[in-house]
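Look at the model first, then follow the text with it in view.

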Amino acid sequence: MFLLLFFVFLIQFFTYWIFEPLASFLEYVLELRLIPIIALIGLVFLFSAKNIEQN
């Protein structure tokens, strides 16, 4: 029983250790105050692309 509990805590620790920096980075990038900057970059990229139908 304690061995199983130890493995569960070990898996939870490594999962937190691996995914916490990624989650923290995504939380920072996707904050509400950064959405206008991301939208502006997206619009610039969208309208700066050349028209596909022009040959």
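Start in helix H1, where Phe-14 and Trp-17 both sit, three residues apart, which is about one turn of the helix. An α-helix has 3.6 residues a turn, so residues three or four places apart point the same way. Keep in mind that this is a predicted model.

How exposed are the residues of this region? Phe-14 has a relative accessibility of 40% and counts as partly exposed, because the value falls between the limits of 20% and 50%. Phe-14 and Trp-17 form an edge-to-face aromatic pair, with 6.1 Å from centre to centre and 70° between the planes. Trp-17, at 58% relative accessibility, counts as exposed, since exposed means over 50%.

The structure holds three aromatic pairs. Another of them joins Phe-13 and Phe-14: the ring centres are 5.4 Å apart and the planes stand at 65°, so this pair is edge-to-face; the angle needed is over 60 degrees. Phe-13 is partly exposed, with a relative accessible area of 48%. Together, Phe-13, Phe-14 and Trp-17 make up one aromatic cluster.

Now step back to the helix itself. H1 covers residues 2–29, 28 residues in total, and reaches 40 Å from its first C-alpha to its last, close to the 40 Å expected. A kink of about 40° lies in H1 at Phe-19, shortly before the proline Pro-21.

Finally, consider the whole chain. The chain has two helices and zero strands. Of its 55 residues, 2% count as buried. The accessible surface is about 5800 Å², and 77% of that belongs to carbon and sulfur atoms.

Key. Residues numbered from 1 in each chain as written. Predicted model: local features only at pLDDT ≥ 70, side-chain atom pairs only at ≥ 80, totals over all residues. Heavy atoms only, no water. Helix = DSSP H or I, 4+ residues; strand = E, 2+ residues; numbered from the N terminus. Expected span 1.5 Å × (residues − 1). Bend = angle between axes of the 7 residues up to and from the residue. Buried < 20%, exposed > 50% of the residue type's maximum accessible area, 1.4 Å probe, protein only. Areas by Shrake-Rupley, 256 points an atom, 1.4 Å probe, with all protein chains shown as cover. Phe/Tyr/Trp six-rings, centres within 6.5 Å; stacked < 30°, edge-to-face > 60°.
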